[in-house]
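Here are a few notes to read alongside the model. Have it open on the screen as you go through the points.

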Amino acid sequence: MYDFTVTAASKSELYRDLAAALDSLTADEPDAIANMANAAALIWQYLPDLNWAGFYRNLNGELVLGPFQGKAACIRIPFRKGVCGAAAATRETQLVEDVHAFPGHIACDAASRSELVVPIMHQGELLAVLDLDSPSPARFDAGDAAGCEALARILAPRLVNS
Ligand code: SME
């Protein structure tokens with residue numbers, strides 16, 4: 001059993017503690033799927049107000065569903081389609097306050113109202129994207145983007161083997 005202390009006093013403390021928990025959970029494990037699975041579980045447990053949290057892997061230029069928490073989701077997403085595709089194509093974090101206003105948004109769960117997608121890069125290659133959905137409009141801000149980018153940096157070298 002794992003027992004982490006994650007403080008929710010402020011967003012920066014929350015992400016700091018989440019990063020420490022993710023680091024200790026994945027440090028000694030080389031398997032990419034295991035690390036993505038535990039990362040999704042950790043994010044789901046500690047970040048409030050989410051209805052989906054997980055990964056799409058870059059398999060030969062197509063995003064393929066990876067470990068996640070939430071409702072069953074779209075399996076394959078082409079680059080440039082939806083919010084995940086935009087993150088994959090641009091390799092830049094996508095922070096979408098209102099998914100209904102995002103051209104091409106893919107509604108895997110009709111409850112989703114806002115979304116944050118962070119590319120996970122390693123040695124110049126896109127390995128995967130981390131996708132968080134919320135039922136609340138404008139749930140994510142720059143602090144969440146920075147916090148999730150820090151999680152992505154911890155994970156990246158630990159997603160190389162699968
Ligand atoms: N909404 C995403 C698709 C993935 S699901 O949210 C899990 C998108 O537009 O890329």
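**Notes on the ligand and its cavity**

1. Start with Asp 133: an N or O atom in the side chain of Asp 133 sits 2.8 Å from an oxygen atom of the ligand. Bear in mind throughout that this is a predicted model.

2. How much of the ligand does the protein bury? Taken alone, the ligand exposes 310 Å², and the protein buries 100% of that.

3. A backbone N or O atom of Cys 84 lies 2.8 Å from an oxygen atom of the ligand. At His 105, the side chain is what counts: one of its N or O atoms is 3.3 Å from a nitrogen atom of the ligand.

4. Now look at the whole shell. The ligand is surrounded by 13 residues, and the closest are Val 83, Cys 84, Ile 106, Glu 115 and Asp 133. Sorted by class, the shell has eight nonpolar, two polar and three charged residues.

5. Where does the shell come from? At least two residues each are supplied by strand 1 (52-59), helix 3 (82-90) and strand 6 (125-134). Helix 3 has the largest share, with three residues.

6. Searching the whole structure turns up one cavity of 30 Å³ or more. The largest cavity holds about 110 Å³ of space. Its lining has 14 residues, and those closest to the centre are Cys 84, Ile 106, Cys 108, Glu 115 and Asp 131. Strand 1, helix 3 and strand 6 are the elements that give two or more residues to this lining.

7. Which element gives the most to the lining of the largest cavity? That's helix 3, with three residues. By class, the lining divides into nine nonpolar, two polar and three charged residues.

Key: Residues numbered from 1 in each chain as written. Predicted model: local features only at pLDDT ≥ 70, side-chain atom pairs only at ≥ 80, totals over all residues. Heavy atoms only, no water. Near = heavy atom within 4 Å. Polar contact = N/O pair within 3.5 Å; in protein donor to acceptor, adjacent residues only side chain to side chain. Areas by Shrake-Rupley, 256 points an atom, 1.4 Å probe, with all protein chains shown as cover. Helix = DSSP H or I, 4+ residues; strand = E, 2+ residues; numbered from the N terminus. Nonpolar A, V, L, I, M, F, W, Y, C, P; charged D, E, K, R; others polar. 1 Å grid on protein atoms, 1.4 Å probe; cavity = no way out; pocket = protein on both sides within 12 Å on 5 of 7 lines; lining within 4 Å. Points joined across faces, edges and corners; volume = space filled by probe spheres on them.
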